[in-house]
Every structure is written in C-alpha cells, then in structure tokens.
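Work through the exercises below with the model open. Each one sets a task and then gives a solution in steps.

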Amino acid sequence: MAKSLAKNLGYIYVDSGAMYRAVTLFALREGLFTEEGIAEQKLEALLPNINISFVNDEATGKPLTYLNGECVENEIRNMEVSSHVSPIAALGFVREAMVKLQQLMGEKKGIVMDGRDIGTTVFPNAELKIFVTASAEVRAQRRFDELKAKGEVANYEDILKNVVERDYIDMHREVSPLKQADDAILLDNSNMTIEEQQEWLQNEFKRVVSL
C-alpha cells in the first residue's frame, strides 16, 4: 500500500520495518543471538558499522533494501528474520539510531513511510497518519502467499504464531510501543481489495492536500 501510494504521488518510500529487519539480519550473521538472549553490548558497539539504504529497482521501480552495500530485500523477509526482529526492535539504542535516520530522511518531506511507530514517535506532526490494521489471520495469509510466490517454503500456522507474537511484543515494549496515534485515521483492510485500498488512500491524501 505504502509503496504504491508513494509511486503514484512521485514521493520517496521508506520502509522503516525493513531497517529493523536489516539490523536483525546483521545480528544473526554476527552470531549475536545466544541462549542467554541478545549480545546487546556487542550489537551496540557494532551499530556504527551498519549502513542501511534504499535503492529503486530499475525494472520494477520499487525500493530495495541494502545492508552495507548488499541487497538483502529477500533475505530480510524470511521467517528466521521475522522471528527475531521484535526483540531487536525493542532495544532502545537500536530504536534511537533508526529513528534519527528516519527523521533525517523525512526532513525535506515528500515521503511515505510505514512502520509501527511512525505516527507516534518518528513523525508525530505528520500531515497524514493512517493506522492500518487487519486480523492476524488475514495478515498471516498474506505473508504466506507472499513467501510462496517467491518460491520459499512457508507454513501458515508458524506465520500466524509469529504475527501474534510480534504484535504482543511490539505493543508491550517500553520504547515506542505499537499503538494508534490520537490523530491517526484507522483503516481496517481485512476485507478490502488492493484497488479499494488505493482509492481510499488517494482520497485521504487529496483531502489533506485541499485543507
């Protein structure tokens, strides 16, 4: 939804969730997940060595996530990263670093950014805030279909369990918990088609622009 809206408006799209996934992939590669938990001190010391950027795919026009110069768009979407990203995203020093980077990206405006704390922490004064939700079952099915379309092995029940667990962790973390901003517009797209979503978003954008 966010990618398509940005493309239609000629805006820059930033996937903040991909940034946390990239940090998670880095931590996995560095062996920072142990039986005792995350090696936080090592991760914090290595954080300055993590460079995350977005580059538009010339063929599709969609942004790809790069980690230290390597395209990791597909790798950050797999279940291993998905099952480890919430603990990483709950770390205060990780969130602080990512929020600063996101705010820097948005200084010149003209962006569409999605993520779990954009309307509350990153851009509390954004001109348009949409809080998008859907049932856990619908979101799990969408991720299952996405992974299958990429030719990856996927299990619906595992994905559903991951969706529910991520929601709980993200809503109950101390730093920037997942919640709807007071001035955000709620969109439950459980039963909407992509076309219906896009039309709804375009209308909300036009409404804000006309104010």
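Predicted model: local features only at pLDDT ≥ 70, side-chain atom pairs only at ≥ 80, totals over all residues.

**Exercise 1.** List the residues in contact with Ile-50, leaving aside its neighbours within four places in sequence.

Solution. Take contact as heavy atoms within 4.5 Å. By that rule, Ile-50 is in contact with Val-23, Phe-26, Leu-67 and Asn-68 once the neighbours within four places in sequence are left aside.

Residues are numbered from 1 along each chain as its sequence is written, and side-chain values use heavy atoms, with hydrogens and water left out.

**Exercise 2.** Decide where Ile-50 is placed and whether Ile-50 is buried or exposed.

Solution. Helices (H or I, at least four residues) and strands (E, at least two) are DSSP runs, numbered from the N terminus. Ile-50 sits in the loop between α3 (40–46) and β4 (52–56). Buried means under 20% relative accessible area, exposed over 50%, and partly exposed in between, with a 1.4 Å probe and protein chains only. Ile-50 has a relative accessible area of 14%, so Ile-50 is buried.

**Exercise 3.** Describe the largest nonpolar core and the place of Val-23 in it.

Solution. A nonpolar core is a set of buried Ala, Val, Leu, Ile, Met, Phe, Trp, Tyr and Cys residues joined through side-chain atoms within 4.5 Å. The largest one has 32 residues, and Val-23, Leu-43, Ile-52, Leu-67, Ile-88 and Val-94 touch the most other members. At least two residues of this core come from each of α2 (16–29), α5 (85–89), α6 (92–105), β7 (111–114) and α7 (118–122). Helix α2 gives the largest share, eight residues. Beyond four places in sequence, Val-23 is in contact with Leu-43, Leu-47, Ile-50, Ile-52, Ile-88, Val-94 and Met-98. Another core, of eight residues, lies apart from this one and includes Ala-140, Ile-159, Leu-160 and Val-163.

**Exercise 4.** Find which helix holds Leu-28, and which residues Leu-28 touches.

Solution. Leu-28 belongs to helix α2. Not counting residues up to four places away in sequence, Leu-28 touches Phe-33, Glu-80, Val-81 and His-84.
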